[in-house]
Amino acid sequence: MAALIQKSAAEQERFNRMPAFLRKRIMWLMSRRSVLMRGVMGADGTFLAGMNTYLMKLGPANLGRGFGSVDRALASSIPAISLRLRLKEIVRLLADTVGPVLAATSGRPFHLINIAGGPCMDSINLLIQLRRDRPGVFDGRPVRIHALDLESPGPIFGGRALQALKAPGMPLAELDVILEHTPYQWSEPRQLQSCLGKLDLTESVVAAASEGGLFDYGTDDEIRGNLEVLHAMTPMHAVVAVTTTPVDGPGRAFNQTSGARTVSRSREAFAELAAAARWKVVSFAKVLMNDVLILGKN
């Protein structure tokens, strides 16, 4: 894997050294035959939208008839593999952290606060893994996924996926779980305060997350503002799951191609930023192009 990453990063660097007009021409030609490439190009100057990120995670074998050879090549690329592994690791770390809390607090509501998570597949996969590994942990427990996202297509899709997974014989059958969408702009953390203020979180289990969202694209002030609100509005055992783009990884070269405005930070720099909002890193995993961290309260 290390050799493959190095080879892919070198190829990406060579592509990035091409004249800008030639790079754009090549990508435009590819986008005419690729749904995924159109999504990548749509991230220029902004971020990769939630549904485009979800499609990149599916892998070539799960792409349907509407996808061509370019799509399957992109779905097999290092960035796509990194997205899949990033999802897997954020779910694993959350399950390891939240699972014991749920086991010790029978019947208490479980709130998943998902910031800029699109279809909230990290939250949904977390429920699947917890129900598999800890049978009975959701007995008599209401679960609410709060999709705080500017765009509606991702949460709408996530809600439909959740309903499918609740069907008889499916992994979340008979689970009392609802996905609720609230439009949210992370640059206005007062909106987050208003949203959380409507929920009764005092006697609840709370896990917040932003996979490929706020902590990859937000400014220091935006991240600090959101973390301060989460600290003030959630119980002491609450956790926050974070993905970041490290300064020393191959992600910067790949992001340069798409034009996505990710903000690279070292793990130490992010830990200092979190500490300013009274959070600390309690677990960590490195995944190809990303770091995955779990924050607990100081």
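The model is predicted. The chain has 13 helices and seven strands. Buried residues make up 53% of its 298 residues.

**Overall shape**
- A compact globule of 298 residues would have a radius of gyration near 19 Å; the chain has 19 Å, which agrees.
- Along the principal axes, the C-alpha atoms fill a box of roughly 60 × 45 × 35 Å.

**Contacts and surface**
- Take the contacts in the chain between residues at least 6 apart in sequence: 75% of them join residues at least 24 apart.
- The chain has an accessible surface of about 13,600 Å².
- Carbon and sulfur atoms account for 54% of that surface.

**Helix H8: length**
- Helix H8 runs over residues 153–165, which is 13 residues.
- At 1.5 Å a residue, H8 should span 18 Å.
- The end C-alpha atoms of H8 are 18 Å apart, so the span agrees with that expectation.

**Helix H8: buried side**
- Which residues of H8 are buried? They are Gly154, Pro155, Gly158, Gly159, Ala161, Leu162 and Leu165.
- What covers the buried residues of H8? The cover includes two helices, H4 (50–57) and H7 (121–133). It also includes two strands, S2 (143–148) and S3 (177–182).

Definitions and conventions:
Residues numbered from 1 in each chain as written. Predicted model: local features only at pLDDT ≥ 70, side-chain atom pairs only at ≥ 80, totals over all residues. Heavy atoms only, no water. Helix = DSSP H or I, 4+ residues; strand = E, 2+ residues; numbered from the N terminus. Expected span 1.5 Å × (residues − 1). Buried < 20%, exposed > 50% of the residue type's maximum accessible area, 1.4 Å probe, protein only. Contact = heavy atoms within 4.5 Å. Rg over C-alpha atoms; globule rule 2.2 N^0.38 Å. Areas by Shrake-Rupley, 256 points an atom, 1.4 Å probe, with all protein chains shown as cover.
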